[in-house]
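Work through the exercises below with the sequence and the 3D structure at hand. Each task is followed by a solution in steps.

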Amino acid sequence: MVDLFVDQVLVKNNKDQDELDTEREIVMHLQNRILMLFFASAACESCQRFAPTLKDFFKQLTDEFYVDRAAQLVLLYISLDQSEEKQESFLKELPKKCLFLAYEDPYRRELEAMFNVEELPTVVVLRPDCSILSPNAVEEILRLGPDCYRNWQEATEIINRSFMISEDFEGKSMRSLSDPMRRLKYKVEDEKKKKKKEKKSRGWGGGGGGGGGEDAEVDGGGSPW
């Protein structure tokens, strides 16, 4: 997902319309998250009807009023409006926490072609690795509401940020999305436990150690934790 936008400028739908225009900002906002690309237009009546549902859907998953911990979900509005005024008007119907591409940004049309958008509204749901989870989740959102996210989360193997240490987000290279993912505590610990058991098993089995394998491991290597 980060690769799709690392060279782009994303804009926050807040009062000041703050820009995310550095690689670090883009990565920090998008890594390890499910991304919803909302293709719509103010001139589209179906989009107008769907917007309040999408806004409520997103707020129930990310607003502290509804949840203790916000879902790892990003909403990005891809405007197919015919004027900047119409885009600005439609943005008022969307959550303040969503992002969008500036009207003059030609990348909007590139994304439209990239994801073969043929109808409006369209909500393309992407896994953190940029693969498509749903080519258009509009009907699913209308039918299931926030329960959609649980299905998406299970299908994406998304990583819960509560398992990650702070160093994974600070001072690391932002060029690879997989880098912080490989450093998950629970994955590392599982591997270490597995290797430790294998070493102990070989030591207890004889063949050159006579029980000294375990002592050598403890004395020479220390605790793996």
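## Surface and overall make-up

The accessible surface of the chain comes to about 12,900 Å², and 46% of that belongs to carbon and sulfur atoms. Accessible areas come from the Shrake-Rupley method with a 1.4 Å probe, and for residues only the protein chains shown count as cover. The model is predicted: local features need pLDDT of at least 70, side-chain atom pairs count only at pLDDT 80 or more, and totals for chains, interfaces and linings use all residues. Residues are numbered from 1 along each chain as its sequence is written, and side-chain values use heavy atoms, with hydrogens and water left out.

**Exercise 1.** State how many helices and strands the chain has, and what share of its residues is buried.

*Solution.* Step one: the secondary structure comes to ten helices and seven strands. Helices (H or I, at least four residues) and strands (E, at least two) are DSSP runs, numbered from the N terminus. Step two: 40% of the 225 residues count as buried. Buried means under 20% relative accessible area, exposed over 50%, and partly exposed in between (1.4 Å probe, protein chains only). Step three: among contacts between residues at least 6 apart in sequence, 63% join residues at least 24 apart, where contact means heavy atoms within 4.5 Å.

**Exercise 2.** Describe how β3 is joined to β4 and to β6.

*Solution.* Strands of a sheet pair through backbone hydrogen bonds, either parallel or antiparallel. Step one: β3 and β4 run parallel and are joined by seven bridges; L35 has V74 as its bridge partner in β4. Step two: β3 (residues 34-40) and β6 (residues 122-126) run antiparallel, joined by five bridges. On this side F38 stands opposite V123 in β6.

**Exercise 3.** Is β3 mostly covered or mostly open, and which residues lie on each side?

*Solution.* Step one: seven of the seven residues of β3 are buried, so the strand is mostly covered. Step two: in a regular strand the side chains alternate between the two faces of the sheet. Step three: I34, M36, F38 and A40 are buried on one side of β3, and L35, L37 and F39 are buried on the other.

## Rings and a helix face

**Exercise 4.** Explain why the ring pair of F38 and Y77 ties together parts apart in sequence.

*Solution.* Step one: the structure holds seven aromatic pairs. Rings of Phe, Tyr and Trp (its six-membered ring) pair if their centres lie within 6.5 Å; planes under 30 degrees apart count as stacked, over 60 as edge-to-face and the rest as tilted. Step two: F38 and Y77 make a tilted pair, 5.7 Å centre to centre with 45° between the planes. Step three: F38 lies in β3 and Y77 in β4, so the pair ties together parts that are 39 residues apart in sequence. Both F38 and Y77 are buried. Step four: ring pairs link F38, F50, Y77 and F90 into a cluster.

**Exercise 5.** Find the buried residues of α4 and say what covers them.

*Solution.* Step one: Q87, F90 and L91 are buried in helix α4 (residues 84-91). Step two: seen down the axis of α4, the buried residues fall within an arc of 105°, so they line one face of the helix. The arc is that of the directions from the helix axis to the C-beta atoms. Step three: their cover includes β3, α3 (45-62), β4, β5 (99-100) and α5 (107-114).

## Backbone in the loops

**Exercise 6.** Compare N32 with N116.

*Solution.* Step one: phi is near 60° for N32 and near 50° for N116. Step two: N32 sits in the loop between α2 (23-30) and β3, whereas N116 is in the loop between α5 and β6. Step three: N32 is buried, with a relative accessible area of 5%, while N116 is exposed at 58%.

Key: Pairing = 2+ DSSP bridges.
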